[in-house]
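Subject: Model for you to look at

Hi,

Here is the structure I said I would pass on.

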Amino acid sequence: MSRPASRGAATGRAALVAVAVIVLDQASKAAVRSDIPVGDHRRVTGFLDFVHVRNDGVAFSAFGGQPWIVVGLIAIALIALLAYFSTHAQRPLVWLATGLLVGGAVGNIIDRARAGAVTDFVKFPHWPAFNVADVAINLGVAVLLIALLREDRTGADPKQT
């Protein structure tokens, strides 16, 4: 089994992933804001549109119009994630999950601070519009679940292998 990364290396990797997500997210949203008027759409394929919608809630527009609840939920989630990362940074995949989750959260926080709402633009039929930050957050949750299940299945502390 491979040797776990040091805490510093894991932190550096997580930071690099977070910065990459933020840059990609903000660049894609800027392109949409400059090219597609709010409420309009552009057909990409038969099953994919690029739209320009604003979401002042969290996932699936939950808690829209309630900014303090949104800010509170995001703050609680980030604090819990960073607390977990601080004690489990050397576990495999935790750095990747943390980078994806922090990058996605910060990407959407930048939108909220700048405009009071998040720019969503990827739209599939029968599904709410989303953005790069949302994809990173969902991938981050999946990777974190894999890391946790992997830890539970082995029963061993990856820091000790």
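Before the notes, one definition: by relative accessible area, buried is under 20%, exposed is over 50%, and partly exposed is in between (1.4 Å probe, protein chains only). Please keep in mind that this is a predicted model, where local features need pLDDT of at least 70, side-chain atom pairs count only at pLDDT 80 or more, and totals for chains, interfaces and linings use all residues. Residues are numbered from 1 along each chain as its sequence is written, and side-chain values use heavy atoms, with hydrogens and water left out.

**Salt bridges**

I'd start with the charged pairs. A salt bridge here is a side-chain nitrogen of Lys or Arg within 4 Å of a carboxyl oxygen of Asp or Glu, and the structure has five of them. One of these links Lys29 to Asp111, with 3.1 Å between the closest N and O atoms. Lys29 sits in helix H1 (residues 7-35) and Asp111 in helix H3, so this pair ties together parts that are 82 residues apart in sequence. (Helices are DSSP runs of H or I with at least four residues, strands are E runs with at least two, and both are numbered from the N terminus.) Lys29 counts as buried because its relative accessibility is 0%, and Asp111 is buried too, at 0%.

Asp111 also forms a salt bridge with Arg114, the closest N and O atoms being 3.6 Å apart. Both of those residues lie in H3, three residues apart, which is about one turn of the helix. Arg114 is partly exposed, at 42% relative accessibility. Through shared partners, salt bridges join Asp25, Lys29, Asp111 and Arg114 into one network.

**Asn108**

What does the side chain of Asn108 make a polar contact with? Its partner is the side chain of Lys29, at 2.9 Å. (A polar contact is a pair of N or O atoms within 3.5 Å; within protein, one must be able to donate a hydrogen and the other to accept it, and residues adjacent in sequence count only if both atoms are side-chain atoms.) Asn108 lies in H3, which spans residues 94-115, and counts as buried at 7% relative accessibility. Leaving aside neighbours within four places in sequence, Asn108 has contacts (heavy atoms within 4.5 Å) that include Asp25, Val118, Asn131 and Asp134.

**Strands**

Two strands pair if DSSP finds at least two bridges between them. Strands E1 (residues 41-45) and E2 (residues 48-55) run antiparallel and are joined by four bridges, with a hairpin of two residues connecting them. His41 stands opposite Val51 in E2. E2 also pairs with E3 (residues 118-123), antiparallel over five bridges, and there Arg54 faces Thr119 in E3.

Another salt bridge joins the side chains of Asp49 and Arg43 (3.1 Å, N to O). Asp49 is buried, at 13% relative accessible area, whereas Arg43 is exposed, at 55%.

**Nonpolar core**

A nonpolar core is a set of buried Ala, Val, Leu, Ile, Met, Phe, Trp, Tyr and Cys residues joined through side-chain atoms within 4.5 Å. The largest one has 14 residues, and Val21, Leu78, Leu100 and Val102 have the most contacts inside it. H1, H2 (67-88), H3 and H4 (132-154) each give two or more residues to this core, and H3 supplies the largest share, five residues. Beyond its neighbours within four places in sequence, Leu100 touches Val17, Val21, Ala136, Ile137, Leu139, Gly140 and Val143.

Cheers
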